[in-house]
Structures are given as structure tokens and as C-alpha cells.
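Reader: I am new to this structure and would like to go through it step by step. Could you show it to me, please?

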Amino acid sequence: MNQTEHLTAERKHHHVEICLHDDVRFSGKTTGFEHIELEHNAVPEINFSEIDLTTTFLGHRINYPFMISSMTGGYTKAADLNRSIAETSEKLKIPLGVGSMRQALENDNFRQSFSIVRQAAPSIPVLANIGAPEIAGGVSKQDILSLIDMVAADALIVHLNPAQELFQPEGNTDFSHFLNNLEEIGSALPIPIIAKEVGCGISAETAKKLIDAGAAVIDVAGAGGLSWQKVEEVRYLRQFGEDRRFSPSALDTLLNWGIPTSRCLADIAAMKRREPRYEPIEIIASGGIANGIDIAKAIALGADIAASAGMMLKALHHNILEQTILTWMNDLKAAMFLTGSRTIRDLQQTRTIIHHG
């Protein structure tokens, strides 16, 4: 392993450790779900035991409207983490997104940390993952196809992380030509593209640009949960002791930069209603999802499914991953019962009340 590959692997490991042990959540900015209320139905006319959480995602039948989002890969212990996550996803029949796979292009030794996912989860949707800087930098179609083959992927996540790259000590902030390259790559792929932020949100106007460039799914990954700017700031301070890149009065704003998850969902849903050509696009709600009530609110606002990474990583760390997901799904069923929603499609028609302030 050369020095660059070693540093990348070390960074991936540090990311996991920081997410587990440091306070890197947004401060002073929330997902906005606390301002969203689902209208209560005093006569739900359904049997709680008959509520159906099954739905479809990219044409695949899944047991719950939830996926474990992109987390890890590309370092020594990642294979064990990914195996455990994949086994749980397979058991529950929910989709799974792998972490950024750039490392697998740099060093064949790390391919197993990703390919283990498909070995452990043969029947669920598995999503490959590459970063916007790699797309902007002209990664080849052949390289992308090799990543897809590595996990027998059902879709390709392209993660959008300008704020993270801005704060990362070794970050790549050249996003030039991204949309043109995305369109070119997407037209040559046999599977759909999921455009995903990593925690700063996607606006309706940006969503339109991504869809026009070939994205079939938008994962809003809004602000209010984990801040990757803060993760990278921890790494920067460990390396350099202090951060003089930005003025002190601007730093807090930048560390908490982004569009709250609930606003992303509401704005993109409104855009889809206004412009029917965007209606077929599927929406994933992620960014600060903390329980099944958040999932219910997200679906009522316009999401097809919800996703979580950081909370799932912590649950895995405490050996309660499956238990946590099933508890969240019971939360979701409770919200569905109290709104008279027997199916996920019914929940999507539920009236939401927004409390400002």
C-alpha cells in the first residue's frame, strides 16, 4: 500500500471513530421535523395488526420503507462492519448503500470490504457509491462498471459533499463539469443513479438539475443530523491544532451550513406537483432521521423511503442494529394507525400541519 492509499484508509477509519465518539451533530439547526405534525384521525377504521409497511424501491419489493445508508468501506475493519450491516439488511429485506468506493479503485486489497456486502445480502437492493469529485474529475465508465460489478449493485449512489470537501484537510474542491460528466456516465450505465447529499440538503432547483442530468432518485440528506463539516474539522484540528482558514464569526455558520431535511422534502414534493415530468422520481429522506415518527413525517412530506447512517452505525456499535430498526418500524406503525394509514401509499396522502416558530 502506498502512502496515499494508507492515508485514505486511515481517514475512513477516523471517520467512523469520530462519528461514534465525538459530538459532530448540527447545533442551532434542526431537521425541522419538530415543526411538522401529522393530523390525528380519531376513527382510523383500520386494524393495527393489518398495517402494511411493505413498499417498492426502484422496482424492488422491500419489507419496510427504510434503508441503511452509506457508511463505510476501504479499511481493514470495514469488512466486518459491512458484513454485519449486510446480514441485518438481508434479514429485514431492506436496501443497503455502501460507503464511498473510491478506495477500491486505488487498491485491490480493499475490494473485499465492499464485495462482502453482496455475499452477505444476496437478495436485497445494494447500492454502489462514488463521490462527486470523482465524477467531476472524469472517472472512467470502466472504473464505474467495476464498482457496480464488485457489489452486483442495483443502483449507483453519487454522493455530493462540497461542504465536507471544503473542510477536509486533503479535500478536493474541484466540482467543475460535474453535471456534464454525470449525464455522460449515467447514459452509459445499466443501473439507475441516486444523487445523494451527505448532510447539507438538496434544494428543489438543484434536484431538477440532477434529474435532468440523469438521476432517477434524490436522497436529500438534509441538515439537522450529522455534520460532515464538523467531522472533518475534528480531523483538521487534530492535524494542525487550530483552524485559521475561516474567520471565527463565519466558522459556526459554515459548520452548520445546509438546508433542513424537512424543507428539502417539502420543496421537492411541491416541485414534483408543479412539474409532472418530475413525478416519477423517487425521493429518499435522510439527514437526522431519529425514529419512526420522523420517518412517518418524511413520507407524509413526500419521501418514498427514509434512510439513516450515523444512528445505524451507533446501533451496530452497541449490538442493537436490528432491534433499533424494528423499534423505529413500530414507531412508524403507531403513526400510521393514528392517521388511519393502512399502507405507505395512504401515509403519503396524510395531511401535515406545519407549526412555524
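**Contacts, helices and cysteines**

Author: Leaving aside residues up to four places away in sequence, Ala 79 touches Gln 112, Ser 113 and Ile 116. Please bear in mind that this is a predicted model.

Reader: Which helix does Ala 79 lie in?

Author: Ala 79 is part of helix H2.

Reader: And is Ala 79 buried or exposed?

Author: Ala 79 counts as buried, because its relative accessibility is 15% and the cut-off for buried is under 20%.

Reader: How far is Ala 79 from Gly 199 in space?

Author: The two are 24 Å apart, C-alpha to C-alpha, and 120 residues apart in sequence.

Reader: Back to the helix. At what angle do H2 and H4 pack?

Author: Helix H2, residues 78-92, packs with helix H4, residues 111-120, at an angle of about 20 degrees, and their axes are 8 Å apart. Angles under 35 degrees count as roughly parallel, and H2 and H4 are therefore roughly parallel to each other. The crossing of H2 past H4 is right-handed.

Reader: Which residues of H2 and H4 meet?

Author: From H2 come Ala 78, Ala 79, Asn 82, Arg 83, Ala 86, Glu 87 and Glu 90, and they meet Gln 112, Ser 113, Ile 116, Val 117 and Ala 120 of H4. Sorted by class, this contact of H2 with H4 has six nonpolar, three polar and three charged residues.

Reader: Another pair, please. How do H14 and H15 pack?

Author: Helix H14 (residues 310-317) and helix H15 (residues 321-339) pack at about 135 degrees, with axes 7 Å apart. That angle makes H14 oblique to H15. H14 contributes Met 311, Met 312, Ala 315 and Leu 316 to the contact, while H15 contributes Leu 321, Thr 324, Ile 325 and Trp 328. In the contact of H14 with H15, seven residues are nonpolar, one is polar and none is charged.

Reader: Changing topic: how many disulfides does the count come to?

Author: The count comes to zero disulfides.

Note on methods
Residues are numbered from 1 along each chain as its sequence is written. This is a predicted model: local features need pLDDT of at least 70, side-chain atom pairs count only at pLDDT 80 or more; totals for chains, interfaces and linings use all residues. Side-chain values use heavy atoms; hydrogens and water are left out. A disulfide is a pair of cysteine sulfur atoms within 2.5 Å. Axes are lines fitted to C-alpha atoms, for helices over the stretch in contact, and angles run from 0 to 180 degrees between N-to-C directions. Helices (H or I, at least four residues) and strands (E, at least two) are DSSP runs, numbered from the N terminus. Angles under 35 degrees count as roughly parallel, over 145 as roughly antiparallel, 65 to 115 as roughly perpendicular and the rest as oblique. A crossing is left-handed if the near helix is turned anticlockwise from the far one by less than a right angle, and right-handed if clockwise. Contact means heavy atoms within 4.5 Å. Ala, Val, Leu, Ile, Met, Phe, Trp, Tyr, Cys and Pro count as nonpolar, Asp, Glu, Lys and Arg as charged, and the others, Gly among them, as polar. Buried means under 20% relative accessible area, exposed over 50%, partly exposed in between (1.4 Å probe, protein chains only).
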